[in-house]
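Please consider the following notes alongside the sequence and the coordinates. They are arranged by topic.

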Amino acid sequence: MAKYWQVSPVVRACTAEDMYPDGPDTRGGHSPAATHPGARPVGAAFLGRVKAPRLVFWETTQACNLACVHCRRLSESDRAAPDQLATDEAFRLIDQIAQAGCSILVFSGGEPLMRADLFDLLRDARDRRLAAAVASNGTLINDAVARELAACGVRRVSVSLDGPDAASHDSFRRIDGAFDAAQSGIQNLKHAGISVQINTTLAAHNHTRLDQMYDLATRLGAEALHLFMLVPVGCGLELAENMMLGPQRYEEILNWIYEKDAAGGPLRIKATCAPHYVRVWIQRRKAAGLSPQRGDGQMYRMSRGCLAGTEIVFVSHRGDVFPCGYLPVPAGNLRDKSFLEIWERAEVLNAFREPVRLHGKCGACEYLHVCLGCRARAYAATGDVLAEEPCCGHQPRMEQQKC
């Protein structure tokens, strides 16, 4: 089958997926965005339209003070790109996201703290009743920055730690001292009363140290640990093949996550960019004689597998809209069309809202409608966003019957 879309420039992905796993405001029982004047009900099925995205990830800038080996940027720079959204364009984006009825806006990068007007933008999101979160590498968060983030209404910051010690983290981030600086940033956030989520990208350098990562996150006082299954895009395309994990190891890690989560503990642990975890979760629950239905325990960790284009969307520093930060297939640009028009009408986004369009092993899988496979990894491997997930070891029943 021909490639579904042509290759387009790769963008930098966000470093957080679900900043508020229990919803943006569990105390009030409603979404902050829903109370903004003119905002449509969050999650509602609009007349003839798709429901609003739950999360929007915005790459506020490509500028970053680190040079990570897996970065989604094609080039590295500590300076902002000349074509990044200007402040007035950024305010307009925030307004359109609020008007669309989105629940949560994640300010990502690059490193968002490299953007000079970040605090003004965060205050604007707060005033529009958007739940704002920040995805950072943590190294620039001193006490004053942490207190200002809290004053801007930021409730959670995700900080990336890609190893349980300086040697493993700093080699992946390619800056000496990054590990210690990130830990200091986490402590400043905790002192300011901001919830901390730790994001860890799993690859060959750290996949055998899962328990150590869990213990580190616990010691640092994090509320959540999100384990990202590496998607080879941007600079990550140049990673040696032996840095990538195969389907069997992915399966082992997903089962480790299930067991850790089922055992209970101080951390909420979540598999990210691993839609097949939903399948593992259902299989393990059934094997234990437990209900696979939502609402009894861990199912809040995931509403479905791949959420690209259905519950989440990514906006680049120049206003390009993508299904997610790891999938470089553009849906449109905010300088040409409104956010809502792109969200509701873009072909690539609507393709992901019809799981029956998937082919290969995913299209034949009995878990199709709850998993969908990682569309970004499928694209990276084949150039086809609707192809099968290359890092899933499951053999669908319908495929078995063909043998």
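**Notes on the predicted model**

1. Trp58 and Phe107 are both buried, where buried stands for under 20% relative accessible area, exposed for over 50% and partly exposed for what lies in between (1.4 Å probe, protein chains only). The model is a predicted one, in which local features need pLDDT of at least 70 and side-chain atom pairs count only at pLDDT 80 or more, whereas totals for chains, interfaces and linings use all residues. Residues are numbered from 1 along each chain as its sequence is written, and side-chain values use heavy atoms, with hydrogens and water left out.

2. Aromatic pairs are rings of Phe, Tyr and Trp (its six-membered ring) with centres within 6.5 Å; planes under 30 degrees apart are called stacked, over 60 edge-to-face, and the rest tilted. The count under this rule is 2 aromatic pairs. In one of them, Trp58 and Phe107 are tilted, with 5.5 Å from centre to centre and 55 degrees between the planes. Trp58 belongs to strand β1 (residues 55–59) and Phe107 to strand β2 (residues 104–108), so this pair ties together parts 49 residues apart in sequence. Helices (H or I, at least four residues) and strands (E, at least two) are DSSP runs, numbered from the N terminus. Phe314 and Phe322 also make a tilted pair, at 6.5 Å centre to centre and 55 degrees between the planes; both of these residues are buried.

3. Which residues touch the most other members of the largest nonpolar core? They are Trp58, Phe107 and Ile257, in a core of 109 residues. A nonpolar core is here a set of buried Ala, Val, Leu, Ile, Met, Phe, Trp, Tyr and Cys residues joined through side-chain atoms within 4.5 Å. Helix α7 (residues 247–262) gives the most to this core, contributing 6 residues. Setting aside residues up to four places away in sequence, Ile257 touches Leu227, Met229, Ile269, Ala271 and Tyr277, a contact being heavy atoms within 4.5 Å. In soluble globular proteins, nonpolar side chains tend to be buried together.

4. Helix α8 (residues 277–287) has as its buried residues Tyr277, Val278, Arg279, Val280, Trp281, Ile282 and Arg285. Their cover includes α7, β7 (268–272) and α12 (368–371). Just after α8, Gly289 adopts a positive phi of about 75 degrees.

5. Lys260 lies over the face of Tyr214, 4.5 Å from the ring centre. Arg377 lies over the face of Tyr250, 5.3 Å from the ring centre.

6. How many disulfides does a search of the whole structure find? The result is 0 disulfides, a disulfide being a pair of cysteine sulfur atoms within 2.5 Å. For Cys362, the nearest cysteine sulfur is that of Cys371, 6.2 Å away; Cys362 counts as buried, at 11% relative accessibility. For Cys392, the nearest cysteine sulfur is likewise that of Cys371, at 6.1 Å. Cys392 counts as buried because its relative accessibility is 13%.

7. The peptide bond from Gly109 to Gly110 is cis, with omega near 20 degrees, and Gly110 is placed in the loop between β2 and α2 (118–127). Arg129, a residue other than glycine, has a positive phi near 65 degrees. Arg129 is in the loop between α2 and β3 (131–136) and is partly exposed, with a relative accessible area of 38%. Cys273, although not a glycine, has a positive phi of about 55 degrees. Cys273 is placed in the loop between β7 and α8 and counts as buried at 14% relative accessibility.

8. Val50 is in the segment before β1 and is partly exposed, at 22% relative accessibility. Val50 and Arg353 are 303 residues apart in sequence, yet 9.1 Å apart in space, C-alpha to C-alpha. Apart from neighbours within four places in sequence, Val50 contacts Trp343, Glu344, Asn350 and Arg353.

9. For the chain as a whole, there are 14 helices and 10 strands, and 60% of the 403 residues count as buried. Among contacts between residues at least 6 apart in sequence, 75% join residues at least 24 apart.

Definitions and conventions. A charge sits over a ring if NZ of Lys or CZ of Arg is within 6 Å of the ring centre and within 35 degrees of the ring normal.
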